[in-house]
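My entries follow the structure.

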Amino acid sequence: MKKIGILTSGGDAPGMNAHIRAVVRAALAKGLEVVGIIGGFSGMIEGDFIKLARKETANIIGRGGTILKTSRSKEFMMAGGRAAAAERVKEAGIDGLIACGGNGTFHGAHALWLEHHIPIVGTPGTIDNDLYGTHYTIGYDTAINTASEAIDRIRDTADSHGRVFIVEVMGRHAGFIAMDVGIACGAEYVAIPETVTNLDILYQRILKQGKTRRTIIIVGEGDEYGGAAKIASMMKEQYDIDAKYTILGHIQRGGSPTVRDRVLASHLGVAAVEALINGKTDIMVGRQDHDIAYTPLEETWTRQKPIWGYMMELAEILA
Ligand code: F6P
């Protein structure tokens, strides 16, 4: 292995820059050349490549977003798009790839390996934390801290007015963000896709607040009721409750990464380079406790990472 490529793909996540920096530095230390692929798999199809050296990765460890840009490439989902991308990679003399992203990225990476035999290692970069094989994903810690800070602010105004607030956080199919921030912000109810949302219980929790009525309800966007707006309108229709709702949205994806995300991103960057050098492919390099864990890419989405059961109990006890 002489030359490797790195790309960031799918939704960006804070810590991706720290990850790119770690990959570049670890690879240079092993005598490898590094190529940055601009714009995820779309850039791979177009052959939009740049050489990465130490100076390109200086002063980026604390920056949000990704200096390599990202995309959700529809073309790459087709065999023709992947064939074009493989061609560009081979022309550039790239011997192996590191793809940082989530579920969609890993589907693409797995297909590229099966169809074109280009060694590829995935690294978990998504705020959703929904990948099997790693306790945490790059960006998750920053996202929950950003969301918690925003919810604390909402609590101030909710408390002053004695209002019911329903706050929607990200997490397309998983309630990790909702559960952690729900506990961290002292929410009265947490609605997530992994559990059945019960509006009667939610109503009882509002009543339990007594005269102040100040209630914070956290909803993961993937909840079966369809988000904060829907729950607010059902609370009005079924219980005559006036609830304000806020969708935190993409604010959760930006900002300077936390220390935990920077360290995780750096650790996984070095481990991913070593994995490629050691001939590993079609796997995700994740971290379980303090140890590096290798998981076949396919398992990262076919096996479900459960929310720790006690978290749900905890949210109930503390509500
Ligand atoms: O996968 C990360 C994520 O932020 C999800 O939580 C969310 O559902 C999705 O991406 C939003 O994607 P986009 O920015 O493409 O609308």
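The model is predicted: local features need pLDDT of at least 70, side-chain atom pairs count only at pLDDT 80 or more, and totals for chains, interfaces and linings use all residues. Residues are numbered from 1 along each chain as its sequence is written, and side-chain values use heavy atoms, with hydrogens and water left out.

I took a pocket as an open set of points on a 1 Å grid over the protein atoms alone, where a 1.4 Å probe fits, with protein on both sides within 12 Å along at least five of seven lines; lining residues have an atom within 4 Å of a point. The largest pocket holds about 660 Å³ of space, a volume being the space filled by probe spheres set on the points. Among its 27 lining residues, Gly10, Gly11, Arg72, Gly104 and Arg172 are the closest to its centre.

I then searched the whole structure for aromatic pairs (ring centres within 6.5 Å; planes under 30 degrees apart stacked, over 60 edge-to-face, the rest tilted) and found four. Tyrosine 136 and tyrosine 140 have ring centres 6.0 Å apart and planes at 15°, so they are stacked. Tryptophan 308 and tyrosine 310, with centres 5.7 Å apart and planes at 55°, are therefore tilted.
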